[in-house]
Each structure stands twice: as C-alpha cells, then as structure tokens.
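Keep the picture beside you as you read.

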Protein chains: 6
Amino acid sequence: VYDDIMATRKTDYINNFWKAIAHDPVLLKRTWEDLKATMAPGALDALTKELLYIAVSVTNNCQYCIASHTASAFSKGMTPAMFKELQQVVGMANETNKLVTGYQVMIDARFEPPLNTAK
Amino acid sequence: VYDDIMATRKTDYINNFWKAIAHDPVLLKRTWEDLKATMAPGALDALTKELLYIAVSVTNNCQYCIASHTASAFSKGMTPAMFKELQQVVGMANETNKLVTGYQVMIDARFEPPLNTAK
Amino acid sequence: VYDDIMATRKTDYINNFWKAIAHDPVLLKRTWEDLKATMAPGALDALTKELLYIAVSVTNNCQYCIASHTASAFSKGMTPAMFKELQQVVGMANETNKLVTGYQVMIDARFEPPLNTAK
Amino acid sequence: VYDDIMATRKTDYINNFWKAIAHDPVLLKRTWEDLKATMAPGALDALTKELLYIAVSVTNNCQYCIASHTASAFSKGMTPAMFKELQQVVGMANETNKLVTGYQVMIDARFEPPLNTAK
Amino acid sequence: VYDDIMATRKTDYINNFWKAIAHDPVLLKRTWEDLKATMAPGALDALTKELLYIAVSVTNNCQYCIASHTASAFSKGMTPAMFKELQQVVGMANETNKLVTGYQVMIDARFEPPLNTAK
Amino acid sequence: VYDDIMATRKTDYINNFWKAIAHDPVLLKRTWEDLKATMAPGALDALTKELLYIAVSVTNNCQYCIASHTASAFSKGMTPAMFKELQQVVGMANETNKLVTGYQVMIDARFEPPLNTAK
C-alpha cells in the first residue's frame, strides 16, 4: 500500500495518518483504495475535492486533517486567494446553518430533493 | 433587502430563511450583504462555493441548509455526477477525520501552515 | 419525580422528554435532580441559564431542545429583542469558531486559563 | 481595523485571531464590524454575550475560542462562581441534548415557536 | 448488491438508505462491502458494534441512523435494559466531554497512547 | 470524593479531569457519583461501556477523553484487535451518518422506535 501511495502522489513521504492506521492492515488497504478512488478527478476536479475535504475538516475541528489537506490543496494549485474565499464560505455556512436552526426554519416545499427517489 | 435578493437571484421567490430572520432587520441586512459578497464568483466560482456550503451543511446536519443549497447548486449547474462525487468526498472526509482522531495522529512537521504568520 | 417537576415548574404539564426517559426510572430521577440543581438561580440567574441552554442546543442542532428551551426562556422573561441578540451571538460564535479553526490560530500566551490549577 | 479594535477594547494588544485573518482584509473588516455590533450591550449585557460565546465554543470544541473568550469574560466581570455554573449548564445541556436524541423524543405541540411566522 | 444485503440480513426488505445511495452504484457497492466487513463479528461481537453505531449516531444527531440501528440492535438481541444503559453512557460521555473541554484539562502524561507508533 | 475514586479504581492516581472540576465541589461530587453508577457493570459490561465512551469522544473530537478512556479500556481488557475494530466501526458510522444526511434519506416506517411511548 505504501508503494502505491508514494507512486500515486509522486512522493517518497508517507505521512503520519497512514503510519497510524497501518497497525490495522485491513483498514489501511480499504481506506487507501477508497480514498484514491474518491479523490481522483471525475465530474469534480482534484482541487475542488481537496477544498471540500478542508471544509468538512474545519467543520469537524480536525486539526490534523486541516493541516494535511491544506498542504495538499496548496500542492494541487490552491492560491492564497482561493484559500481566503474558502474560509469565508466555511465561516458563513457555519453561521447561517445555526441561524436556520435557532430560528427553526421549515423547509420550503420547492426545495424537495430532485435526486432522491427513496423519499 | 427582499428586492435585492430577488434581483440578485433573478427570482420572485423569497425562501423561508429570509422570512424568518426578517424578524431582525439588522441581522437580515447584514446576513444578506455578507452572503452576497461571500458567494459571488471570485477566485472560486459560484458553483464551487455552493458545493462547499453543502459539505458544511451535511457535516453540521442542517436539513434546511442541505435542501436549499442542494437546490441552489442544481440551479447553478451541478450535475447528478457532481452531486454523487460530492457525497462521496463528504462521506470519506467524515470517516477519515474520525480515524485520525481515534488513532490520535500527530501533525507531521511538514504540514505547518504556509499562510498563517500569526502562529 | 413527576410531582416535583410539576411543583417546581408550577404547571400540571409533563413534557415528552420526561415521559420518554421515565422508561428508565434511575435516569429520570438523576436527570431531574441534576437539572433542577443546575438550572436554579445562583451566580447566574435562571433566564441566563436558559439562554445558555439554547446556545448549546442550537450548536448541537437538537430540534426538541431548541423548541422546549425557547418556550421555557420566553416563559421566564426572554423578550423578542433578547431572542434576536441571542441568535446573533450564536451565529457569530459559530462563524468565528470556524475561522479560528480554518486559519489554525495558535493560542496567545496571555489567554492561559486563570482558574484551572490542574494544567 | 487594528486601531478600532484597540480603542474599543481599551488595550494595545491585538490577539492572534485578528492577525491571522488580517491576511484577508475584507474578512478582517467585516468580521470586526459584525462582532463589534453583535457583542455590544443591548437587550443582553456584554457579559451574558461572552458567556453565550463560551457555551458555543465549548460545544464546538474550539480551544482557541474557549481560551480567548474565557479570558474576555473574566475581564468583563465573570466571577469564579459564574464560571462554574456556566460549565455545569453547558455540561447538562450537552447531556440532555443527547438523551432527547437517543430516545427520539417528539416535539410537544405546545412548544411551537412563538416568534417565527415563516413556519 | 441488493441480493447480498437481503441474504446477509436474512430479510426481503431493502431499507431507504440503500435505495438512496443506489443512485450511485459505485458508492452502493463500496459502502455495502465495507459495512458488511466492518459489522461482522470479530474481536467485537455484532451487537456491540451496533451499540457503538448508535452511540456515534446519537452524538452526530442523525435521526435516520438512530432509528435504523436501534431497530437493528433490538433484532440482534439488545434488551430494554441494555438500551437504557447505552443511553446513560452516551449522555454522560457527552456531558463529561464538554466539562473536560470547558475546563481546558491537559492530558495526563500517563495517558499517552500505547498503540500508535506514528506519534 | 478522591478517596472513593481511588478505592473504586484501585489506584492511587487522580487524573487531571477530577483535579480540574474539583474547583467546583458540587460538580465533582455529582459527576463522580453519576459516572460511578453509569459505568458500573449492569446489562452492559464495564468494557463495552468504555468502548461506547471512546466512540462518543472520538465523534466529539475530545482529545483528553479519547486518551483517558482509551487507556482505561486497555486496562479493562481491550485488546489491540478490539481497538482496531472499534475504530473501524466509528469511522464507518461517521461516514454513513453523513451519506444518510447528504442524500436526505427519509426514515422507513418499520423503524419506528419500539421503546418510546411518548412519541
């Protein structure tokens, strides 16, 4: 798995996360394969996916994840201007999420999800 | 404020969030102005910002916010394929955030933030 | 326990929370006694304590808790103006919490806690 | 902005949060103006607002925010007795939030929000 | 995948979660395989794993997850007495998590993790 | 209280959490008594309760709680294999919680809670 991580990322460095979960080879293998597939460019490009990862990690207050994915995003082309707008959006989203919650706002009928047929 | 919301969004509909916080005109005005500036295209395009908003809202479990911003993202060009990749990234990020936390992984020295001189 | 709840609150109504946890009489008794002691006026008055309860409940996105403690706060004298300022503070706090986190801000030396001798 | 922060707070110290977000002058200006307006005494006094800020920050597990706003609250007159009651309320609220959630308690009809006409 | 879900669970019912993510066949397949492996009895028995799932879901406030995994746990032998103790532990853990956070308690040297060699 | 902690835990060590909240003797006494009762073996054994505590603490991102309860779980017989499966379950639960949320999955009628008569 380490070899594939280094080859995929074009680096000879394995960061602490992988070393930590390497105690559980099953978890290591599954997590790497899932992450590799999930973060590969597709309908969304690789940088956008890193930005989304940061947004989740900040909201979850995961220091390690913020540090590692911010570094990763910069290496994939995030500019300082993009970093700043990212933080602005994450801040605003966390604020308005709580205004919605505190004011107990009911979902507008027109916002019924268009994709989820199980509802 | 309602007029500017409708003009900016090219709609004649005011959704429940704005009606709710309109009980507090100071909050309404400030939130709208902040949101309008934050969500305008800049270094990040408007759709990417909507995707980030959804990522935060899902992580915060804000049902209203998910419904309204998912609708908004579709209106700004999010395809079903993009929606699916977004959910995959949000799911994986929440999983690995917790693996990092449960394994108490220490930050690699090389992940020191490059932007924040206050540290 | 129901009798003491009704006597303390000067009501003949037992809300769903107490009925739900009454399935576990040990939990019911302990929770009521702890809550009664915690929410009694002391260094902080009873209304301030309700406002704090709402702030936590909104941040945790607990719909029931928000509804019941908002009703309780109004019954203890919260005015609409106080409700609005409460929501503003909760919104701002959630926003700046995440800006701090996203920018990975390090704690200033002068903010060392003055109360906790265990550190 | 730094001048107004120092003048408003009657200090010559700028804490790390403001230095960090000063990388983004737009964010710095907006955040300071919003925070200044939000935390000013109104229907709620300035100390109560600090207590609410701490309650949110503890629930969000934001170490920096807890340290800075706890210091700020002490400077605005929070006594050790108030600090202790604050922690008790925050602890109890987080506990009962989760009891409500785990027991899947349904909202009592009488707790319909009195303020939100958008519902 | 549906066939394997029904065979593994000895049921002819597919619940809404699987129907929802079936819009994304890649996610459906991966999630089912991961979940099947993760929830299979091993060093921890299947019921303990369901209890852990509920504990996470309550803490995350995920209503669907609580409802489905509580039903699943009952089907795997959870007794009402076990359900009640589960809720007590989840409630207490959420309370003391926040007391630790609010009092800014520093980690005791003796609690250094014994498993994680990456630290 | 310290004496009872040491006697119950068969140790002469008081960890930082108890020293911190000892500033508030009311909180110390109540928290210890509640925790002692909650964590005692009952329908669930003591180790299972520790695992649940860890699952909550990881989800809440409480570093101190994770470190202390992981140490406690090892002392009560958690094996490395159990630790690894615990982390796998916590990771998966956090992931699927968010897939459920992002896909806005509606609760199946058959998952109505069997225990809660207050609904």
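Where chain A and chain B come into contact, 63 residues of chain A and 63 residues of chain B take part. Keep in mind that this is a predicted model.

## Chain A with chain B

How big is this interface? The size of an interface is often given as the accessible area lost when the parts come together. Between chain A and chain B, about 5900 Å² is buried, and carbon and sulfur atoms give 74% of that area.

Polar links cross this interface too. Here 26 residue pairs are in polar contact, counting pairs with both residues at pLDDT 80 or more. On the side of chain A that touches chain B, the elements giving two or more residues are α2 (16–21), α3 (25–39), α4 (46–60), α5 (63–75) and α6 (80–102) of chain A. Helix α6(A) gives the largest share, with 19 residues. Sorted by class, that side of chain A holds 38 nonpolar, 16 polar and 9 charged residues.

## Chain F with chain D

Now turn to another pair. This contact draws on 12 residues of chain F and 8 residues of chain D. The table sets the two interfaces side by side.

| Interface | Buried area | Share from carbon and sulfur | Salt bridges |
|---|---|---|---|
| chain A and chain B | about 5900 Å² | 74% | 4 salt bridges |
| chain F and chain D | about 870 Å² | 51% | 0 salt bridges |

Chain F and chain D still have 4 residue pairs in polar contact, both residues of each being at pLDDT 80 or more. On the side of chain F that touches chain D, helix α3 (residues 25–39) of chain F makes the largest contribution, 3 residues. The classes on that side are 5 nonpolar, 4 polar and 3 charged residues.

## Charged pairs

Side chains of opposite charge can pair when their charged atoms come close. How many salt bridges does the structure hold over all chains? The total is 36.

One of them links Arg30(D) and Asp34(B), whose closest N and O atoms are 3.9 Å apart. Why does this pair join two chains? Arg30(D) sits in helix α3 (residues 25–39) of chain D, while Asp34(B) sits in helix α3 (residues 25–39) of chain B, so the bridge runs from one chain to another. Another salt bridge brings together the side chains of Lys49(A) and Glu85(B), at 3.0 Å from N to O.

## Space inside

Finally, look for the gaps. Searching the whole structure turns up 6 cavities of 30 Å³ or more. The largest cavity holds about 460 Å³ of space. Which of its 28 lining residues are closest to its centre? They are Thr59(C), Asn60(C), Thr59(D), Asn60(D) and Asn60(F).

What classes of residue make up the lining of the largest cavity? There are 22 polar and 6 charged residues, and no nonpolar ones.

Key:
Residues are numbered from 1 along each chain as its sequence is written. Chains are lettered from A and ligands numbered from 1 in the order in which they are written. This is a predicted model: local features need pLDDT of at least 70, side-chain atom pairs count only at pLDDT 80 or more; totals for chains, interfaces and linings use all residues. Side-chain values use heavy atoms; hydrogens and water are left out. Contact means heavy atoms within 4.5 Å. Buried area is the accessible area (1.4 Å probe) that two parts lose on being put together, summed over both. A polar contact is a pair of N or O atoms within 3.5 Å; within protein, one must be able to donate a hydrogen and the other to accept it, and residues adjacent in sequence count only if both atoms are side-chain atoms. Helices (H or I, at least four residues) and strands (E, at least two) are DSSP runs, numbered from the N terminus. Ala, Val, Leu, Ile, Met, Phe, Trp, Tyr, Cys and Pro count as nonpolar, Asp, Glu, Lys and Arg as charged, and the others, Gly among them, as polar. On a 1 Å grid over the protein atoms alone, a cavity is a set of points where a 1.4 Å probe fits but cannot get out, and a pocket is an open set with protein on both sides within 12 Å along at least five of seven lines; lining residues have an atom within 4 Å of a point. Grid points are joined across faces, edges and corners, and a volume is the space filled by probe spheres set on the points.
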